[in-house]
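Have a look at the model before reading on.

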Amino acid sequence: MHGGTEGRAMKNALLINPRVYDFKCHDFWMKPYGLLKIAYVLKQSGINVSLIDCMDRHADGMPEEFKKSDKLGRGMFYSEEAQKPEIYKAVPRKYKQYGMPDELFKEKLRKTEKPDIVLVTSSMTYMYEGVFKAISVIKEIFPSTPIILGGTYATLCAEHAEKYSGAARVWKGSANSEYFNLLGKEIKTGLIPITDTEFADIAPDYSLYNNLNSVSVRFSEGCPFACSYCAIKQTSADFRQRSAAAIMKELENYAKLKIKNIAVYDDALLFKNSFIKSILKSVIEGGFDFRFYTPNGLHAAYIDEETAIVMKKAGFMDLRLSLETSDETMQKASGGKVSNMQFSEAVKILKGAGFLGKDIGAYILAGLPGQSTDTIKRDMEFTAQNKVLIKLANYSPIPETADFDKLPTEMREQITKEPLMQNETYYLSVNPEYGYDENEKIKLLSADLNKKLL
Ligand code: SF4
């Protein structure tokens, strides 16, 4: 690899992960994964890279009491109550800004050497307020520096972002060779040539963090499935498993840094499972002391005995299985990624490998189109019969998904125009089939059923 800056002054890039505005937010090992991979390419190209991750609880200057983590490395974010946008006035929950306080963010920006480019990432579409506020503060301090906005919101609501974010450019989709060409032109510096396959193999650059107690990783990119409620095809590159050598090198590095908590954020970790089995066998042989978590949920259909055994031995814990619904018609209509029989079989195999019922949580998606409260109750009873924990998640319609396309035209237009309407807590207050009160009752029932396992 070679950089393109020889003989010229070093360029500076500033990377920003903005704060989150929402009704709830907890740190489940969140890291701006894509941005950290971009950081690696920039550094290799001879660019001086700085990062301000507003969602880093352990950043210098953050309130001490919010640096505490549970034994799995998760924790509460510092938060301040924020003014509710008009549209959220009827939502009976406090609206907050989570992450770095304003003053600390400004102080960190002022201490940063003037950047030649600022790259801002974005997460959920309805969290754009945090992105806009970050961009506005960056522009106050560095008025002449171009800002490129990327990430999930920028991808799924590109038109909205172009109109209102204040960024000079909005990048739709994940970073690829075209993105790096654009970046090189913006900063008038040749970046290392990189193919999309090479980029997929790159590890995120965690050296930008001063204090690190967990990392997010991906052993594969993208997902081969196409669930009707999911926008993965728009936000990620095509499904691709990374090279085993690159993954092992990355894990060895975390072991050297004494990182134990590793959140595996793959969307289809177990697909073509000979891949993950061979990686985990190497982890076991290497004698690493890792704790792996699967917050994005596992495909029950690919759990066989050997997979379950190597997962247990390699240090997987607090597993999540993606069930979403036990209604067989809805399972098929939404993409057929799991059947009830496959789910029950997977639970049996995992328990046979040594996982306890309380080590396994099944995601249930509440509020899906056409789903009644009774259906959700049946989903929870089915999960409880399998003696694993219920993990409720709420549905909201996301642009560029098959379910979104089925909504009435007027509703689609409104939701596209105002991404705040894509917030799942807000959606409970307008969903005609499953509202806020029903959701509160369902949460109590879920807690009761879970108590029997704990
Ligand atoms: S399996 Fe998961 S990531 Fe893949 S399409 Fe379905 S919901 Fe999305």
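Start with the overall layout: the C-alpha centres of domain 1 and domain 2 sit 25 Å apart. Where they touch, 32 residues of domain 1 and 36 residues of domain 2 take part in the contact. As for the bounds, the domain assignment puts domain 1 at 12-194 and domain 2 at 214-451.

Keep in mind that this is a predicted model. Average pLDDT for the chain is 95, and 98% of the residues score at least 70.

| Between domain 1 and domain 2 | Value |
|---|---|
| Buried area | about 2800 Å² |
| Share of that area from carbon and sulfur atoms | 58% |
| Salt bridges | four salt bridges |
| Polar contacts (both residues at pLDDT 80 or more) | eleven residue pairs |

Which three residues supply more than any others of the area that domain 1 buries against domain 2? They are Trp 29, Tyr 33 and Leu 156, which supply 25% of that area.

Now for the ligand. What kinds of residues make up the shell around it? Seven are nonpolar, one is polar and two are charged. Among the residues around the ligand are Cys 223, Cys 227 and Cys 230, along with Phe 225, Ala 226, Tyr 229 and Ile 232. Asp 267, His 299 and Lys 337 are also around the ligand.

Terms used:
Residues numbered from 1 in each chain as written. Predicted model: local features only at pLDDT ≥ 70, side-chain atom pairs only at ≥ 80, totals over all residues. Heavy atoms only, no water. pLDDT = per-residue confidence, 0-100. Near = heavy atom within 4 Å. Nonpolar A, V, L, I, M, F, W, Y, C, P; charged D, E, K, R; others polar. Domains from an automatic or database assignment. Contact = heavy atoms within 4.5 Å. Buried area = accessible area lost by both parts, 1.4 Å probe. Salt bridge = Lys/Arg side-chain N within 4 Å of Asp/Glu carboxyl O. Polar contact = N/O pair within 3.5 Å; in protein donor to acceptor, adjacent residues only side chain to side chain.
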